[in-house]
Amino acid sequence: MAFQGKPLTSSLRHPSIGGSLSSSGQSSLLATRINEKKVELENLKQLRDLSGDLATQMQALEQKLATLSDGTEAVAAVLANWHNVLRAINMASMKVPKSKGVDDEAGPPLPQTLVRIPSQLQEI
């Protein structure tokens, strides 16, 4: 049996002839791909910058919401105390002393003066 090989193509026989055509095609493909990657890099940089701005805005929003939450809690505490204040005023109004002496003052009787006495000593 005799060995029969395939005939060699011209590009394999002469790499300088076929290689110059394919290398110029490859270089244009590489240049196109490099330009696409540069555009992609610019887009990614813009995305990074916009993401950083968004993160900064979200942190500012978080701080504002925390302030709003603290203020809401303070308002809720004040509103929760109003029931007690109104009840104390009502109790004081119910115990209006009758004037025993002279009726020089014309008008309705005034409620008792409310005085708040602290139950705990404050440190000075």
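Is Glu40 buried, partly exposed or exposed, and at what relative accessibility? At 40% relative accessibility, Glu40 counts as partly exposed. Buried means under 20% relative accessible area, exposed over 50%, and partly exposed in between (1.4 Å probe, protein chains only).

The views show a predicted model, in which local features need pLDDT of at least 70 and side-chain atom pairs count only at pLDDT 80 or more, while totals for chains, interfaces and linings use all residues. Residues are numbered from 1 along each chain as its sequence is written, and side-chain values use heavy atoms, with hydrogens and water left out.

**View A. Salt bridge between Lys37 and Glu40.** The closest N and O atoms are 3.6 Å apart; a salt bridge is a side-chain nitrogen of Lys or Arg within 4 Å of a carboxyl oxygen of Asp or Glu. Lys37 and Glu40 are three residues apart in helix H2, so about one helical turn separates them. Helices (H or I, at least four residues) are DSSP runs, numbered from the N terminus. Lys37 is partly exposed, at 45% relative accessible area.

**View B. Salt bridge between Arg48 and Asp49.** The N to O distance is 3.5 Å. Arg48 is exposed, with a relative accessible area of 54%, whereas Asp49 is partly exposed at 42%. The structure holds two salt bridges.

**View C. Nonpolar surface patch that includes Leu79.** Val75, Val78, Leu79, Trp82, Val85, Leu86 and Ile89 together have about 650 Å² of accessible area. Patch residues have over 30% relative accessible area and no salt bridge, and nonpolar side chains (Val, Leu, Ile, Met, Phe, Trp, Tyr) are joined within 5 Å. Areas come from the Shrake-Rupley method with a 1.4 Å probe. Leu79 lies in helix H2 (residues 15–94) and is exposed, at 56%.

Conventions
Patch = residues over 30% accessible without salt bridge, like charges linked within 9 Å, V, L, I, M, F, W, Y side chains within 5 Å. Helix = DSSP H or I, 4+ residues; strand = E, 2+ residues; numbered from the N terminus.
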